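Work through the exercises below with the sequence and the 3D structure at hand. Try each task before reading its solution.

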Amino acid sequence: MSCVALLGLRGPRLLGAAACPPRWGRRHSAGCEPPAGAAVRIGCASGFWGDTAAAVPQLLYGGKLDFLVFDYLSEITMSLLTAAKARSPVLGYTPDFVSSAMAPYIKDIHRKGVRVISNAGGINPLACAAALQEVAKKADVDLKIAVVAGDDLMSEKENLKGAGITDLESGRQFPESIHSMNVYLGARPISRALDLGADIVVTGRCVDSGIVLGPLIHSFGWNRDEFDLLAAGSLAGHLIECGAQCTGGIFTDWHAVPDWHNIGFPIVECSSEGEFILSKPPDTGGLISFGTVAEQLVYELGNPQRYLLPDVTCDFSEVSITEIPGFDGGAVKVHGAKGSPPSTFYKVNATYLDGFRATAVCPVGGPKAIQKGKRTAESILQRTRLIFSQLGYEDYSAVNIQVLGSEDTYGPHARRSIDGQGPREAVIWLAVHHKQKEAVEIFSREIAPAGTGMAPGLTGIVGGRPRVSPVLKPFFFYYPKSNVQINLFLNGQHVETFEEDLTFTSDAVVPSDPPKISSELKDLPSGPHTYRLEDLAYTRSGDKGNSANIDESVWCSKLSMN
């Protein structure tokens, strides 16, 4: 990756010579081309289900947006929403989107002409759209609300069981206890819904970056074979779809990021040529710099030369990130994404039931708190195992004991206290996993008795008796695009079956050239040296279901910056 943090070489605006370039993307007829040199501004107000409600007003009133997007879905969220829909046919979407993100601001969203795209539909996008229609009706605003449906494959479950499908990562066979199964749709159906005049587009599962690429395809008319442009739009979406993670959230140099309480949410201002500026609203906290954006670039990326998406296969290995002076809170120019044809398959995320779990969290006080905490946790496990043997249950599938305050997290690298006594307060973190729900319920009931029958100083149970929860694990596989039927709805009525064009697709793996090594690294010190990783590289961790990963932007190392 090219680490081009060339300060001061650009003016305060990227797109056009004027200080305030022309903007396009408000109310316009379907298929209309934007004026030459126009820019489209897209802000992201949510990176997950549960993100802050403070993002919408700062973007809506300070972002000068054309589009406002919301990303709510993770792999496990889909399974939780499936369970919600099983309880009631009107559930299965993320209610926060309707009640907290849209309802308080829907009049101003309509007045400003900002168009909204969100995957808040989850398992039940039609119900989400119906709830939005009620909000719009109460606010006396006329909005066209579109739904993209077709990602749910649960109706194919029995057919797929005997198809010899295996998990892309582990190779395990197709599970018997499938809980949810959803295709990662692309950006084209979103673009088409906008072409049809939608003010709000609600989707189920789609690739996270698609909620940004969709409006860019719609705005600029990018063709299916303009792969570099599609990769650039996907990069814009990839950088902002996690909200504040690219504006200083969880940044390696967290101490350099001001005003977390008012952290700004990201805005991309994109040109029809694929270049874009990433910034945030004025008078907000956070930080946009080479480092904050480079960290998010490598987030959950895998191979940066072959990032597979439904609309394009991306090569981000030569992306350039350039800081731009003159922006409140910072801004960067990003370009250099390359693209090639996508495959003829969608990726599918299924989840399956793998037993049950519970977690007990208990503060412990007094001398030798760590020793008391460890013995208490071990004794609870011994007691419950005795009960299991009496009732004929198997042993736990897995257990985890951590005493917070003892540096258990650091394993052999933990720093012990000099006097050997340790802290006078600690926290027991005890988690268990078992195939049978009844066994975990026994564990849950046996936490409180430790308060009277074990060590002194157990001061409570955080959150009360531990809640028993299903363990839902992800299962990934590929599914032919030609077998997926995507339907578009507008204000509750089916208007179109979207046809996925497979003309510009390829399943051939094109060999990649090795990444270029920057000449900036040639004068680094040689020989034995010891450094903390955070002094050498920007890092970012991520997860897919129960699988965690750490991405290191080593090729964007701090040594090359200094």
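**Exercise 1: the second largest pocket**

The residues that line the second largest pocket fall into 13 nonpolar, six polar and four charged. Here Ala, Val, Leu, Ile, Met, Phe, Trp, Tyr, Cys and Pro count as nonpolar, Asp, Glu, Lys and Arg as charged, and the others, Gly among them, as polar. This is a predicted model, in which local features need pLDDT of at least 70 and side-chain atom pairs count only at pLDDT 80 or more, while totals for chains, interfaces and linings use all residues. Residues are numbered from 1 along each chain as its sequence is written, and side-chain values use heavy atoms, with hydrogens and water left out.

Task: State the volume of the second largest pocket, and find which element gives the most to its lining.

Solution. 
- Step 1. The volume of the second largest pocket is about 550 Å³. A volume is the space filled by probe spheres set on the points, with grid points joined across faces, edges and corners.
- Step 2. The lining has 23 residues, and Ile76, Leu80, Arg357, Pro470 and Leu472 are the closest to the centre of this pocket.
- Step 3. At least two lining residues come from each of α2, β16 (425-434) and β17. Helices (H or I, at least four residues) and strands (E, at least two) are DSSP runs, numbered from the N terminus.
- Step 4. The most is given by α2, with six residues.

**Exercise 2: the largest pocket**

Task: Describe the lining of the largest pocket by position and by class.

Solution. 
- Step 1. The largest pocket holds about 1,000 Å³ of space.
- Step 2. Its lining has 40 residues, and Tyr307, Leu308, Leu309, Lys347 and Tyr478 lie nearest the centre.
- Step 3. Two or more lining residues come from each of β9 (307-308), β14 (345-365), β17 (469-480) and β21 (547-553).
- Step 4. By class, the lining of the largest pocket has 18 nonpolar, ten polar and twelve charged residues.

**Exercise 3: the cavities**

Task: How many cavities of 30 Å³ or more does the structure hold, and which residues line the second largest cavity?

Solution. 
- Step 1. There are two cavities of 30 Å³ or more.
- Step 2. The largest cavity has a volume of about 100 Å³, and among the residues that line it are Arg188, Arg224, Asp311 and Phe504.
- Step 3. Five nonpolar, one polar and six charged residues make up the lining of the largest cavity.
- Step 4. The second largest cavity has about 30 Å³ of space. Val148, Asp151, Leu185, Gly186, Ile190, Thr203, Gly204, Arg205 and Cys206 line it.

**Exercise 4: salt bridges**

Task: Where in the chain do Glu75 and Arg205 lie, and are they buried or exposed?

Solution. 
- Step 1. A salt bridge is a side-chain nitrogen of Lys or Arg within 4 Å of a carboxyl oxygen of Asp or Glu. The whole structure has 17 salt bridges.
- Step 2. Glu75 and Arg205 form a salt bridge, at 3.3 Å from N to O. Glu75 is in helix α2 (residues 75-87) and Arg205 in the loop between β6 (200-203) and α8 (210-220), 130 residues apart.
- Step 3. Both Glu75 and Arg205 are buried, where buried means under 20% relative accessible area, exposed over 50%, and partly exposed in between (1.4 Å probe, protein chains only).

Task: Why does Lys333 count as buried and Glu275 as partly exposed?

Solution. 
- Step 1. The side chains of Lys333 and Glu275 meet in a salt bridge, with 3.9 Å from N to O.
- Step 2. Lys333 counts as buried because its relative accessible area is 4%.
- Step 3. Glu275 counts as partly exposed because its relative accessibility is 27%.

**Exercise 5: confidence**

Task: Which residues have pLDDT under 50?

Solution. 
- Step 1. pLDDT is the predictor's confidence in each residue, from 0 to 100. The chain has a mean pLDDT of 87, and 87% of its residues reach 70 or more.
- Step 2. Over residues 1-34, pLDDT stays under 50.
- Step 3. Where pLDDT is low, predicted coordinates should not be read in detail.

Note on methods: On a 1 Å grid over the protein atoms alone, a cavity is a set of points where a 1.4 Å probe fits but cannot get out, and a pocket is an open set with protein on both sides within 12 Å along at least five of seven lines; lining residues have an atom within 4 Å of a point. Contact means heavy atoms within 4.5 Å.
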